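I write down each term with its cut-offs where I first need it.

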Amino acid sequence: MNKFLGYIFSPIHYLLFGLLLVIFHPIQWLSLKLGGYTAHKRSVEILNYLLVCTYYVMGGRVRYNNQFKLPEGRSIIFIANHQSLYDIPPMIWHLRKHHPKFISKIELTRGIPSISFNLKHSGAANIDRKDPKQSISEILKLAQRMRENNWSAVIFPEGTRSRNGKMKPFAAGGLNTLLKKVPGALVVPVAINGSWKLTRFGSFPLSFGEKMSWTVLKPIEPAGRPADQVIIEAEQSLRAAVH
């Protein structure tokens, strides 16, 4: 039934999703030119709220769980498992108070309405995974922006998406750099469950009626601790919460 209904509702979802990206591309441009960082950030937040709404067209149930009071005005390194491209809009919307900047692959900065523009102009770190020198340089620049503006970072240490929901081993190089260069940042794991099921049949049809959740786990205070130890604790916390 999930697949059958997916054939019916996937075209509607993709139409709405695509229209939003096209419509908000010039809105982002105008917001940045006329209102600077604050206006651009707000336009991106509204876009991602609306993108999350398209999940409901697929009968999806989206839940964001956070029982912790996260500090505002302090950099946070959000560490999440990665299940699909649908992981990202809910994180942008629900973590908006913390100015989240993503570490993403540089390929996404080219040719995708709204998404490419945001990655190039929001302060994200866009890394070329084939060029370690460029990747390190981008992460160092992000670390500097975090220190200067109290921005936060979102990193998926697995590197690539899990197609079946099972976590892959962490590639901790970028995370290690951030922990060392932004020592005052709080580390907050975020467990993502169920988003991989939306694409379990591939890009078409999407699976109808899937339950998806984003859960903020217990924050980790890294002060005075080796970066490797903090990373291990965050990974273990995520593995215990991802099912």
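**Entry 1: a residue and its core**

I looked up Phe78 and, leaving aside its neighbours within four places in sequence, I found it in contact with Leu70, Leu95, His98, Ser152, Ala153, Val154, Ile155, Val188 and Val190, where contact means heavy atoms within 4.5 Å. I note that this is a predicted model, in which local features need pLDDT of at least 70 and side-chain atom pairs count only at pLDDT 80 or more, while totals for chains, interfaces and linings use all residues. Residues are numbered from 1 along each chain as its sequence is written, and side-chain values use heavy atoms, with hydrogens and water left out.

I then asked which residues have the most contacts inside the largest nonpolar core. They are Phe78, Met91, Phe156, Val188 and Trp214, in a core of 33 residues. A nonpolar core is a set of buried Ala, Val, Leu, Ile, Met, Phe, Trp, Tyr and Cys residues joined through side-chain atoms within 4.5 Å; buried means under 20% relative accessible area, exposed over 50%, and partly exposed in between, with a 1.4 Å probe and protein chains only. Two or more residues of this core come from each of H1, strand S2 (76-80), helix H2 (88-94), strand S6 (186-193) and strand S7 (211-216); these elements are DSSP runs numbered from the N terminus, helices being H or I with at least four residues and strands E with at least two. H1 gives the largest share of the core, 10 residues. Apart from this core I found another, of 29 residues, with Ile77, Ile103, Ala185 and Ala227 among them.

**Entry 2: aromatic pairs**

I counted seven aromatic pairs, under the rule that rings of Phe, Tyr and Trp (its six-membered ring) pair if their centres lie within 6.5 Å, with planes under 30 degrees apart called stacked, over 60 edge-to-face and the rest tilted. One of the pairs is Tyr49 with Trp93, which is tilted, at 4.9 Å centre to centre and 50° between the planes. Tyr49 lies in helix H1 and Trp93 in helix H2, so this pair ties together parts that are 44 residues apart in sequence. Tyr49 is partly exposed, at a relative accessible area of 40%, whereas Trp93 is buried, at 17%.

Tyr55 and Tyr86 make an edge-to-face pair, 5.3 Å centre to centre with 80° between the planes. Because Tyr55 lies in helix H1 and Tyr86 in the loop between S2 and H2, the pair ties together parts that are 31 residues apart in sequence.

The largest pocket holds about 1,300 Å³ of space. On a 1 Å grid over the protein atoms alone, a pocket is an open set of points with protein on both sides within 12 Å along at least five of seven lines, a cavity is a set where a 1.4 Å probe fits but cannot get out, and lining residues have an atom within 4 Å of a point. Of the 45 residues lining this pocket, His82, Leu85, Ser104, Lys105 and Leu108 are the closest to its centre, and H1 gives the most to the lining, with eight residues.

I also found one cavity of 30 Å³ or more. About 190 Å³ of space lies in the largest cavity, which is lined by 15 residues, with Val44, Pro100, Lys101, Asn118 and Ser122 nearest its centre.

Methods
Points joined across faces, edges and corners; volume = space filled by probe spheres on them.
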